[in-house]
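The following note sets out points for the colleague who is reviewing this entry. The model is shown first, and the comments follow.

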Amino acid sequence: MSEASAGLRHFLRDDDLSPAEQTEILDLALELKAAPYSRRPLEGPQTVVVMFDKSSTRTRVSFAVGIADLGGQPLILDADTTQIGRGESVADTARVLGRQVSAIVWRTYAQAGLELMAEHSGVPVVNALSDDFHPCQILADWMTVREHKGSLPGLRVAYVGDGASNMAHSYLLGGATAGMHVRVGGPFGYQPDLAVVADARRIAETTGGSVLVTDDPRTAVDGADVVITDTWVSMGHEDEKAERIAIFGEYSLTSELLAHADPEAIVLHCLPAYRGLEITDEVLEGPQSVVWDEAENRLHAQKAVLTWLLARAGE
Ligand code: CP
Ligand code: NVA
């Protein structure tokens, strides 16, 4: 397990997958939802470490269940009970973990840390959320959209709220990869990283998708097929809570804002949701909301990612 394989791949950001690879993994996720125990790449059992520097409910549970479903054994670690939490380097941690486990799943702050882990571990590394991206969530979201809308290319996706968040960045890259028209509506000062927007535009040119960033939530939502929001106070920004709530007020996903979308639009939210802030109770619990399917699909999508990465690690 310590020797790097020629075909070794990681999933650190959404554009680590080509459009064809993203489709392949979504196909596999749907297959695994229909037949949960049909793939056993971790039979042995092999161990996958799942490490958390930030809180989690969905990611923790779905990886633990998914790894067991694939025949493996999850080892769930919280950073503050490991030496990495006391300052051991990421590179040294990666070399130790890579000699004992088949894959590393990590929720952390800096994207650069994930890149270091991937560089030194010799096993597939999966981003379970960083400050910059949440790519596992986007696979679950696109799987959910496929279930409700049939196919992804050409769909209009609107994300409103904190446009500088990990979720906004992942929707841009993952949406462009899927050939969707992605619009992000967020206030000035909370709009996506320009480098991510440029990467998304480059991808969209090859897939027939497009990217629009605006400070007007109505422009973002107008005619959309899929409407999405996320918390205004991502993990790590708790000190800015009052300021953010004041700034983001007009970006709340209310029934009034949703009325500007296509009447058949579906609503996604990665959860946890803060009802009355970024989304109203009425919208979250309303007939257009598919958030519980979305939460379940984390399990199936992540099993697909692990199966796909492990197949390449063995090449
Ligand atoms: N959506 C999501 O990643 O949820 P958790 O923070 O509970 O893992
Ligand atoms: N943007 C949120 C996502 C939580 C799943 C955060 O980073 O806290």
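1. Domain bounds here come from an automatic or database domain assignment. That assignment divides the chain into domain 1 (10-133 + 298-307) and domain 2 (137-294). The domain centres, taken over C-alpha atoms, are separated by 24 Å. Domain 1 gives 23 residues to the contact and domain 2 gives 20 residues, where contact requires C-beta atoms, placed from the backbone, within 7 Å.

2. This is a predicted model, in which local features need pLDDT of at least 70, side-chain atom pairs count only at pLDDT 80 or more, and totals for chains, interfaces and linings use all residues. Residues are numbered from 1 along each chain as its sequence is written, and chains are lettered from A and ligands numbered from 1 in the order in which they are written.

3. Helix 6 (residues 166-177) packs against helix 7 (residues 194-207) at an angle of about 15°, the axes being 7 Å apart. Helices are DSSP runs (H or I, at least four residues), numbered from the N terminus; axes are lines fitted to C-alpha atoms over the stretch in contact, with angles running from 0 to 180 degrees between N-to-C directions. The two helices are therefore roughly parallel (angles under 35 degrees).

4. Helix 6 contributes His 169, Leu 172, Leu 173, Ala 176 and Thr 177 to this contact, and its partners in helix 7 include Val 196, Asp 199 and Ile 203. By class, 8 nonpolar, 3 polar and 1 charged residues take part; Ala, Val, Leu, Ile, Met, Phe, Trp, Tyr, Cys and Pro count as nonpolar, Asp, Glu, Lys and Arg as charged, and the others, Gly among them, as polar.

Terms used: Parallel < 35°, antiparallel > 145°, perpendicular 65-115°, else oblique. Contact = placed C-beta atoms within 7 Å.
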